[in-house]
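My notes are below, in the order I looked things up.

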Amino acid sequence: MRYLLLTALATALVLGCHKVGNLDGDAGPDTDSDSDSDTDADSDTDTDTDTGTDADTDTATDTNTDTDTATDTDTDIPAWTEHTVDGAFNGVRSIYAADIDGDGDMDVLGAAEDDDSIAWWENTTGDGTTWTEHTVDGAFDGALSVYAADVDGDGDMDVLGAAVDADDIAWWENTTGDGTSWTEHTVDGSFNGAYSVYAADVDGDGDMDVLGAAQGDDDIAWWESDCIP
């Protein structure tokens, strides 16, 4: 008898069995032939209850009641602080940033429909805290759009504009290079409902061409520049 008991015990140890008692009331001890394991992948050991070897269904019971908490440590969201450049530019429709006076910092350009104005603000201290307004054109009727580019290829920033009431696409030459003196040049004075202006080397010949959109004409057009032969 002792030999049989020892043999049964050794077999149970080899097979990884667990003696769990008589769970089904059938006058004999039941053994759980299932090893405990992590059945829900939550990094702990789950306990299963085996109802024996009498062909009934075994049920695994998870006794883990811990709660996982995810902490967001992302600190890359920027904070923003508003700074006013001009709080009385009546009917402003468009802005742009460029180094208009050639001093190495960014200045600001604006177009105001109600003021019929194209203007730029000098970044006086270079850090965006102090601004000085300069008018490019104060009678550009229905100014809607503004842009800056070196239109004439002389190394400084010129200004372009679109005026919806004047049906006008124009550019202003930065005559002195520092934004204090401007000479107007008309690109198209009958571009009905001129709404937007832009500059790029469309034909790849090395100079700036002009692009525009006209609300009244339902038109997108570009004008080839002959500033650089």
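The entries go from confidence to strands, then cores, then a few single residues.

**Confidence**

I checked the confidence before anything else, since this is a predicted model. The mean pLDDT of the protein is 81, and 66% of its residues reach 70 or more. I then looked at residues 12-21, where the pLDDT is below 50; beyond near neighbours in sequence, that stretch still has 19 contacts in the model.

I started with strand 6 (residues 107-112), which pairs with strand 7 in the antiparallel sense over five bridges. Which residue of strand 7 stands opposite V108? I found W121 there.

Four residues lie between the two strands of this hairpin, and D116 takes a positive phi near 50° in it.

On to the next pairing: strand 7 and strand 8 (residues 131-137) are antiparallel too, over six bridges. In that pair I noted N123 opposite W131 of strand 8.

Is strand 7 (residues 117-123) mostly buried or exposed? Six of its seven residues are buried, so I put strand 7 down as largely enclosed by the rest of the structure.

**Salt bridge**

How many salt bridges does a search of the whole structure find? I got one. The partners are E113 and R93, whose side chains meet at 2.8 Å, N to O. E113 lies in the loop between strand 6 and strand 7, while R93 belongs to strand 5 (residues 92-98), so the pair ties together parts that are 20 residues apart in sequence. I also looked up the accessibility of R93: the relative value is 55%, over the 50% cut-off, so R93 counts as exposed.

Next I traced a sheet of four strands, which is open, runs in the order 9-10-11-12 and has antiparallel pairing. Which strands stand at its edges? I have strand 9 (143-149) and strand 12 (182-188), each with a single partner strand, so one side of each is left without a neighbour in the sheet. Neighbouring strands here are turned by 25° against each other on average, direction ignored.

I went through two of the pairings. Strand 9 and strand 10 are joined by six bridges, with S145 bridged to A162 in strand 10. Strand 11 (residues 168-174) and strand 12 also pair over six bridges, and there A170 has T186 as its bridge partner.

**Cores**

I then searched for nonpolar cores. The largest has 16 residues, and those with the most contacts inside it include I100, L109, F140 and W182. Strand 6, strand 7, strand 9, strand 10 (158-163) and strand 11 each supply at least two of its residues. Which strand gives the largest share? Strand 9 does, with three residues.

Apart from this core I found another, of 15 residues, with Y147, V151, W171 and V197 among them.

Not counting residues up to four places away in sequence, I118 touches several residues, including G110, A111, V136, F140, V146, V159 and W172.

A199 lies in strand 13 (residues 194-200), and at 5% relative accessibility A199 counts as buried. Leaving aside neighbours within four places in sequence, I find A199 in contact with Y147, A149, L160, M208, D209 and L211. I also took the C-alpha separation from A199 to W223, 24 residues apart along the chain: 9.5 Å.

Where is G206? I placed G206 in the loop between strand 13 and strand 14 (209-214). G206 has 56% relative accessibility, so G206 counts as exposed. Its C-alpha atom is 9.8 Å from that of S225, 19 residues away along the chain.

Methods. Residues numbered from 1 in each chain as written. Predicted model: local features only at pLDDT ≥ 70, side-chain atom pairs only at ≥ 80, totals over all residues. Heavy atoms only, no water. Buried < 20%, exposed > 50% of the residue type's maximum accessible area, 1.4 Å probe, protein only. Pairing = 2+ DSSP bridges. Salt bridge = Lys/Arg side-chain N within 4 Å of Asp/Glu carboxyl O. pLDDT = per-residue confidence, 0-100. Contact = heavy atoms within 4.5 Å. Axes fitted to C-alpha atoms, helices over the stretch in contact; angles between N-to-C directions. Core = buried A, V, L, I, M, F, W, Y, C linked by side-chain atoms within 4.5 Å.
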